[in-house]
Amino acid sequence: MPRLEICLSPALLHLFDTRDTIVVIIDVFRATSTIAAALHNGAKSVIPVASVPECIEIGKRTENSITAGERDGKIAEGLQHGNSPLEYPSTFVEGKTLVLTTTNGTRLLHMVEDAAEIITGSFLNLSAVCDFLIAQKKNVLLGCAAWKDRFNLEDTLFAGAVATKVADHFATNCDSVRAAKYLHESAVAKGNYIDFLRDSSHYKRLSAYGLEHDMEYCTTPDQHPVVPILKGDKLVIHQ
């Protein structure tokens, strides 16, 4: 069977071989949630970029585009919109290109090299991601964006949800996978994901900006059943 591993932080990425591997970028609060929502709601594509100046420049030369992103949970200076999946209903985003930069998720995406495919995952597209991974029958690395290279609960919890759902289809001998699955078991025992995550650093950080509803939405499974996949420099829906 193909192998499944979990990288708990971008700082650990160099320890993993991503050749011939599907890499899933995970940034639950909120980049990969926003990507799933925007594409499912009709965005033409999402261009993930690492820096704010690059985001602004690409936006200027991309027709019918929206520049968006955050730094430390707040809309980055010079950008039009933030990093909330609730900001991008179909009435706003349909047919447009979203140029997006975030503190953690888009940075990790640009760090990955030589992968067979790069997709993005969140609770909002949990089942779609799992079905895709099972169908491809390739090695998988679940890459947690974390918080400025520090471990965080929400990304690892999602990785544990994936690892649990696809367990019968992959071989694992990775303690990160074991730990993530134990974490997922604890969250399920508590009742739901958001209650489990209320006592987490990122939840507390974003709550200070009044973003509790965002985080509740981001932890609701299967609201946007799409698989965003990187084609060139753009994320589009896998067909």
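The sulfur of Cys55 is 19 Å from the closest cysteine sulfur, in Cys218, which is too far for a bond. Cys55 is also buried, at 0% relative accessibility (buried means under 20% relative accessible area, exposed over 50%, partly exposed in between, with a 1.4 Å probe and protein chains only). For Cys7 the closest cysteine sulfur is in Cys144, at 7.2 Å, again too far for a bond; Cys7 is buried, with a relative accessible area of 1%. A search of the whole structure finds zero disulfides, a disulfide being a pair of cysteine sulfur atoms within 2.5 Å.

This is a predicted model, in which local features need pLDDT of at least 70 and side-chain atom pairs count only at pLDDT 80 or more, while totals for chains, interfaces and linings use all residues. Residues are numbered from 1 along each chain as its sequence is written, and side-chain values use heavy atoms, with hydrogens and water left out.

Val227 sits in the loop between helix 10 (212-218) and strand 9 (228-231); helices (H or I, at least four residues) and strands (E, at least two) are DSSP runs numbered from the N terminus. Val227 counts as buried, at 8% relative accessibility. Leaving aside neighbours within four places in sequence, the contacts of Val227 (heavy atoms within 4.5 Å) include Ile119, Phe132 and His238. The C-alpha atoms of Val227 and Cys130 are 9.5 Å apart, although 97 residues separate them along the chain.
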